[in-house]
Amino acid sequence: MRTSSQMSSDPPSIVLKDQKHVYLSHKDVDTGAQLVVGFTSPLDPDEALRIRRKIDRHIMPMMCALYWIQFMDKTTLGYASVLGIQQATNLTTNELGTVFYLSYLLFEFPQNLALQKFPVGKWMSINIFVWAIALACHAACKSFAGLLVVRMLLGACEGSITAGFLIVSSMFYTRTEQTLRVGYWFLMNGTAQVVAGFISFGVFHINTKGFEPWQWLMIITGMITVILAILFWFLFPDSPTNAWFLTPDERAKAVQRIKENQTGVENKHFKMEQMTEALTDPKTWLFALFSALNNVPNSLTNQQSLIIASFGFSVLQTTLLSCVPGILEILTIFTGVWLAAQRPNSRAYVGAMYFIPSWFGILLVNLLPWSNQAGLLVGQFLAETSVPGFVLSLSWLNTVTAGHTKRVVTNAIMLSAYCVGNAAGPLMWKDQYKPRNHVPWAVIGVCYVACPVLLLIIRAVLVRENRIRDAEPVDASGEYVIERTTEDGKRVEVNIDKEFLDLTDRQNRDFRYVL
């Protein structure tokens, strides 16, 4: 028997018609619900593995390529600062870095609503194409006003990518698989730093009258992005229920495969009660606070080239050395998500562990003498090894939030907090703090102490909630039923598994939070 507080969280359109059946409207259930009608036995593990590998082959390369491109496009401003954009346009990297993330923040919630309403793959494709054009237009800008417009467009469009990828990951993969897959596409940020460094190194040697190296950088990266936008439109699936590379039988099995998530595939109807639940759920705001604090230090990405140059390295040396943090990011993310996947319920512990090298890096940068060029460089690189904490938090939030509208809203809040941190970060790099930048480094140090503590608090909250649910009586609700019209026109009743009712993690008392 349910308590009155649990009953109050049920969707209002669920109607109990008799003692054994709960009748639902089609808008209440998940889009994948009818595909799995008739599945009464567990999916064969070998068949499930075959389908997962087929999904991997078709979507992971595209997700990785896009995340590589979007991060490279976003950080071109940092590389362009070394190649002459500041002198050509009379601006500071800090100003445009903040503008980018303010635009991202402004459009994040609308982008998430659009991802629920429209086909995910197609909506992302449109955004990729618009930002490709905006990126190429950087080359034509000669003033702050022009660059302001194109940076705002980049920020608005990028708001669809991480949010879209989190939705797609939850559609196609189990909770354990999501930890690895989110890590795989996120580590492309490191790959982007390496590739962008070499592209910058190459364009530095281009001597064209009237067209500077930083302009070539924008044109080349913009053209690459246009090509990817076209590929995404035709090849990236919107959902496992209509993925072009799966047969009808495989689509049903792909949906059945993620039944254990208890989060379903998607629901195109916005549910106000789920939005309210997302806004009143403490873990939503704990994750958001972690996201904001963790991304204040992310301003190091655009400052990186300038900081390394300040150590006394030449332009060519600085461009090549800027590739090293990318390599470190690849290694730390890969090992971090691998450890979290290998050791059950270890996400908070693994994420917290990777902040320790960053503490040592901050101490080195601040305490070593300015003449110790090698030591300062090592400290700079160590300070950027905490990325696995944020990557694990993204996949973790995705796996502990159920109900499609609730997941859309929590993703929007998490990524909005990400924008707040990224928008605030560049503002602390002021000329008055150069060359040692003690004040920005102190702020980064405080953030990197608070973040692992927040991860452990989130874990404690979820452990407590799981214990409360373990002590509750087993839910004895009747069968859930919807009406369906057969091919010959008959109206029949079909049972729907509870996992595909688009219930939130609070409404579904059988839901258990992964740790």
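Predicted model: local features only at pLDDT ≥ 70, side-chain atom pairs only at ≥ 80, totals over all residues.
Residues are numbered from 1 along each chain as its sequence is written, and side-chain values use heavy atoms, with hydrogens and water left out.

**Exercise 1.** Determine how α13 and α21 are oriented to each other, and which residues make the contact.

Solution. 
- Locate the helices (DSSP runs of H or I, at least four residues, numbered from the N terminus). α13 spans residues 282–295 and α21 spans residues 404–424.
- Take the axes (lines fitted to C-alpha atoms over the stretch in contact, with angles from 0 to 180 degrees between N-to-C directions). They come within 7 Å and cross at roughly 25°.
- Angles under 35 degrees count as roughly parallel, over 145 as roughly antiparallel, 65 to 115 as roughly perpendicular and the rest as oblique. α13 and α21 are therefore roughly parallel.
- List the contact (heavy atoms within 4.5 Å). α13 gives Lys 283, Thr 284, Trp 285, Phe 287, Ala 288, Ser 291, Ala 292 and Asn 295; α21 gives Lys 406, Thr 410, Ile 413, Met 414, Ala 417, Tyr 418, Gly 421 and Asn 422.
- Sort by class (Ala, Val, Leu, Ile, Met, Phe, Trp, Tyr, Cys and Pro nonpolar; Asp, Glu, Lys and Arg charged; the others, Gly among them, polar). The contact of α13 with α21 has eight nonpolar, six polar and two charged residues.

**Exercise 2.** Work out how α13 and α22 are oriented to each other.

Solution. 
- α22 covers residues 438–470. Its axis lies 9 Å from that of α13, at an angle of about 165°.
- α13 and α22 are therefore roughly antiparallel.
- Residues of α13 in this contact include Leu 286, Phe 290 and Leu 293; α22 contributes Leu 454 and Ile 458, among others.
- The class count is 15 nonpolar, one polar and one charged.

**Exercise 3.** Describe the largest cavity and its lining.

Solution. 
- Seven cavities of 30 Å³ or more are counted. The largest has a volume of about 320 Å³.
- Its lining has 21 residues, with Asn 295, Asn 298, Thr 301, Glu 329 and Val 387 nearest the centre.
- α2 gives the largest share, four residues. α13 is among the elements that give two or more.
- By class, the lining has 10 nonpolar, eight polar and three charged residues.

Conventions: 1 Å grid on protein atoms, 1.4 Å probe; cavity = no way out; pocket = protein on both sides within 12 Å on 5 of 7 lines; lining within 4 Å. Points joined across faces, edges and corners; volume = space filled by probe spheres on them.
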